[in-house]
Amino acid sequence: MRRRQFIRFVGGAVAAWPFTAHAQQSPKMPQIGVLSLGRGDKSDGSLSTINAFMPALRELGYTEGLNIAFERKFADGDAKKLSGLAQELVDRRVDAIVAFATPAARAAKQASSTIPIIAIAMADPVEDELVSSLARPGGNVTGTTFLGPELVSKRLQLLKEIVPGLSRVVVLWHPD
C-alpha cells in the first residue's frame, strides 16, 4: 500500500511541477529604451527630461530597477550613431522606445515597425514621414511636436493674446 501512495505522490508532484514553477516566476519587468542625440551629461536636455519624469513614475507605482527598467542610449551629438543605437534597443527587445527629437525618432522607426515609439519634441512628424497625420498617426510612432505648420498660426494667436500690443514677430527657422 505504501508503494502505491508513494507513486501517487511522485506522480502528482511531477504533474503539478510545471504549474508551481510557472507560479513562482516573477512578472517580466517592462524595459523602456531611451534614445537621444544628446550627450547624456548634465548639460543634456533629454537627460533632464527623463530625470524629471521619474517622480511622476514613482507616484504611479513604478520605481526604476524594481518594477521598470530604462536602457539609455546617447549619440554624443553624432546623428550617425543613432541608427546603431536604435538597433541595439530593438535587439534588446525593449517594450517601448522614448526618442528625443526627430533624428532619434527617425532612427527608431527605421529600426522597428512594431515596438511602440514615443517621440518627444518632433519638428514636423507628418513632413518627416514619421506619422500619417497629427490626428491619426498610424504605425508605431506617437508623441509630441513643437513645430508643424498646423501649430504655427495657433502659436501666433496665443502670443497675441499674451502680448496684446504685439505688432511684429521675428522667427528664426532652421530648414532641417
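Predicted model: local features only at pLDDT ≥ 70, side-chain atom pairs only at ≥ 80, totals over all residues.
Helix axes are here lines fitted to C-alpha atoms over the stretch in contact, and the angles run from 0 to 180 degrees between N-to-C directions.

Two packed helices are described by the angle between their axes and the distance between the axes. For α3 and α4, the axes come within 8 Å and cross at roughly 50°. Angles under 35 degrees would count as roughly parallel, and those from 65 to 115 as roughly perpendicular; α3 and α4 are therefore oblique to each other. The crossing of α3 past α4 is right-handed. On the α3 side, the contact is made by Leu82, Ser83, Ala86, Gln87 and Val90, and on the α4 side by Pro103, Ala104, Ala107, Ala108, Gln110 and Ala111. Sorted by class, the contact of α3 with α4 has eight nonpolar and three polar residues, and no charged ones.

The two helices belong to a chain with five helices and five strands. Along the sequence, these elements follow the pattern α-β-α-β-α-β-α-β-β-α. Of the 176 residues in the chain, 28% are buried. Among contacts between residues at least 6 apart in sequence, 52% join residues at least 24 apart.

Helix α4 spans residues 101-111. Which residues of α4 are buried? They are Thr102, Ala104, Ala105, Ala107, Ala108 and Ala111. The spacing can be read against helix geometry: an α-helix has 3.6 residues a turn, so residues three or four places apart point the same way. The buried residues of α4 pack against α3, and also against the strands β1 (31-36), β3 and β4 (117-122). Ala104, Ala107, Ala108 and Ala111 are buried, and these residues also take part in the contact with α3.

Ala101, in helix α4, has a positive phi of about 80° although it is not a glycine. Its relative accessibility is 28%, which lies between the limits of 20% for buried and 50% for exposed, so Ala101 counts as partly exposed. A positive phi is also found at Arg93, again not a glycine, with a value of about 55°. Arg93 lies in the loop between α3 (82-91) and β3 (96-100). What makes Arg93 count as exposed? Arg93 counts as exposed because its relative accessibility is 68%, and the limit for that class is over 50%.

In one of them, the side chains of Arg92 and Glu71 meet at 3.5 Å, N to O. Glu71 is in strand β2 (residues 69-74) and Arg92 in the loop between α3 and β3, so the pair ties together parts that are 21 residues apart in sequence.

Another salt bridge joins the side chains of Lys73 and Glu88, at 2.7 Å from N to O. This pair links distant parts of the chain, with Lys73 in strand β2 and Glu88 in helix α3, 15 residues apart. Lys73 has a relative accessibility of 13% and so counts as buried; Glu88, at 37%, counts as partly exposed. Salt bridges that share partners join Glu71, Lys73, Glu88 and Arg92 into one network.

Glu64 forms a salt bridge with Arg72, and the closest N and O atoms of this pair are 2.9 Å apart. Glu64 has 39% relative accessibility and so counts as partly exposed. Arg72 counts as partly exposed as well, at 27%.

Is Val131 buried or exposed? At 10% relative accessibility, Val131 counts as buried. Beyond its neighbours within four places in sequence, Val131 is in contact with Pro125, Val126, Pro137 and Val141. Val131 and Thr142 are 11 residues apart in sequence, and their C-alpha atoms are 7.4 Å apart in space.

Terms used: Residues numbered from 1 in each chain as written. Heavy atoms only, no water. Helix = DSSP H or I, 4+ residues; strand = E, 2+ residues; numbered from the N terminus. Buried < 20%, exposed > 50% of the residue type's maximum accessible area, 1.4 Å probe, protein only. Parallel < 35°, antiparallel > 145°, perpendicular 65-115°, else oblique. Left-handed = near helix turned anticlockwise from the far one by under 90°. Contact = heavy atoms within 4.5 Å. Nonpolar A, V, L, I, M, F, W, Y, C, P; charged D, E, K, R; others polar. Salt bridge = Lys/Arg side-chain N within 4 Å of Asp/Glu carboxyl O.
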